[in-house]
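Trainee: I have a structure open and would like to learn how to read it feature by feature. Could you walk me through it?

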Number of protein chains: 2
Amino acid sequence: MNYVQFYYPEGFAHCYGCGRLNPEGHQFKTYWDPEKRESRTEFTPKPYHTAIPGFVYGGLLASLVDCHSTATGSAALKELESTPWDQGPYPRCVTASLEVQFLKPTPLGPTLVAVGRVLERSERKVVVGTEVYADGVLTVKGKAVVVRIPEGWGG
Amino acid sequence: MNYVQFYYPEGFAHCYGCGRLNPEGHQFKTYWDPEKRESRTEFTPKPYHTAIPGFVYGGLLASLVDCHSTATGSAALKELESTPWDQGPYPRCVTASLEVQFLKPTPLGPTLVAVGRVLERSERKVVVGTEVYADGVLTVKGKAVVVRIPEGWGG
């Protein structure tokens, strides 16, 4: 299964968080399950992505929630089109607002798994709820409002 | 004037966002004005810190708000101690929750200026409000709840 960011138009594929064409970035990859209507982004932080010793930096977790949410929004908007899911380009979203709750410290080492669900969707806007797990333990909850990039912004 | 992160205990100075001892990180530096009771973090994003072309990546802005808020909380808690402001160590905070509103796209290029104020403070918890400006234009608002790291967490 290809990932959502694979289908972003080339001009929108340079994001520091999830751009497949940004070699300096995190290159988050988000998979969308059209049956469960659930998204999934896995990422293994580097040793230097620390906050306090042994734990993952909150800004990285916020970044993960951010790109995971725009990708989830993208997949949710793609569903409204008549073209098949494996035919790009996908609509590209940007984040209007982001809320992150750090429920407990996230251990540095394990692969993190962000799981996202669509809470609301209109033609222009998607609200995405995300849970981030480390070793199967929920450590972070996120909520993001993402909006479709207006026509003519490039891409 | 030295910056807040200069006074973090060595064990807490490796944060990817603001650790003075993390060479891979952003090394955000936050200044606290004890008279205005206002904090200030300036940062110039790198060209690869992009989201969509020409604009700053939201996750980086969230990271800036995050570390800026923990530093502001640290300075606010330091005020409760009898030692002078230029004598470390400062209390170290972690983020419990983070809200970021992206009011408009933040242009990539100019130095960003985050300005923070203490909205609430107890012995253990500080609520910080942040505004981020690019070329003098407010583009991002943030609110973070930060809490004092419990004794014995290292540092």
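Trainee: Let me start with a helix: how many of the residues of α1(A) are buried?

Mentor: Keep in mind as we go that this is a predicted model. Burial is judged by relative accessible area, and under 20% counts as buried. By that cut-off, 21 of the 21 residues of α1(A) are buried, leaving the helix mostly covered.

Trainee: And what span does α1(A) reach from its first C-alpha to its last?

Mentor: The span is 30 Å for 21 residues, close to the 30 Å expected at 1.5 Å a residue. In chain B, helix α1 covers residues 58-78 and also reaches 30 Å, again close to the expected 30 Å. All the residues of α1(B), 21 of 21, are buried, so this helix is largely enclosed by the rest of the structure.

Trainee: Could we look at a single residue in the same way? Where does A:Thr30 lie?

Mentor: A:Thr30 lies in strand β1 of chain A, which runs over residues 30-33. Its relative accessible area is 1%, so A:Thr30 counts as buried.

Trainee: Which residues does A:Thr30 touch, not counting those up to four places away in sequence?

Mentor: Its contacts include A:Tyr3, A:Val4 and A:Gln5, as well as A:Ser39, A:Arg40 and A:Thr41. A:Cys67, A:His68, A:Ala71 and A:Thr72 are also among them. Take the pair A:Thr30 and A:Thr72: they are 42 residues apart in sequence, yet 7.6 Å apart in space, C-alpha to C-alpha.

Trainee: Now the two chains together. How is the size of an interface usually given?

Mentor: It is often given as the accessible area lost when the parts come together. Here, about 2,700 Å² is buried between chain A and chain B, and carbon and sulfur atoms give 66% of that area. On the side of chain A, A:Tyr16, A:Ile52 and A:Tyr57 supply 25% of the area buried against chain B, more than any other three residues. As for the contact itself, chain A gives 37 residues and chain B gives 37 residues.

Trainee: Which elements give two or more residues to the side of chain A that touches chain B?

Mentor: They are α1 (58-78) and β3 (93-102) of chain A. β3(A) provides the largest share, nine residues. By type, the residues on this side of chain A divide into 20 nonpolar, 13 polar and four charged.

Trainee: Last topic, the backbone. What is the usual pattern for phi and for peptide bonds?

Mentor: Most residues other than glycine have a negative phi, and most peptide bonds are trans. In this model, the peptide bond from A:Gly88 to A:Pro89 is cis, with omega near -10 degrees. A:Pro89 sits in the loop between α1 and β3 of chain A. B:Gly88 and B:Pro89 are likewise joined by a cis peptide bond, with omega about -10 degrees.

Methods:
Residues are numbered from 1 along each chain as its sequence is written. Chains are lettered from A and ligands numbered from 1 in the order in which they are written. This is a predicted model: local features need pLDDT of at least 70, side-chain atom pairs count only at pLDDT 80 or more; totals for chains, interfaces and linings use all residues. Side-chain values use heavy atoms; hydrogens and water are left out. Helices (H or I, at least four residues) and strands (E, at least two) are DSSP runs, numbered from the N terminus. The expected span of a helix is 1.5 Å times one less than its number of residues. Buried means under 20% relative accessible area, exposed over 50%, partly exposed in between (1.4 Å probe, protein chains only). Contact means heavy atoms within 4.5 Å. Buried area is the accessible area (1.4 Å probe) that two parts lose on being put together, summed over both. Ala, Val, Leu, Ile, Met, Phe, Trp, Tyr, Cys and Pro count as nonpolar, Asp, Glu, Lys and Arg as charged, and the others, Gly among them, as polar.
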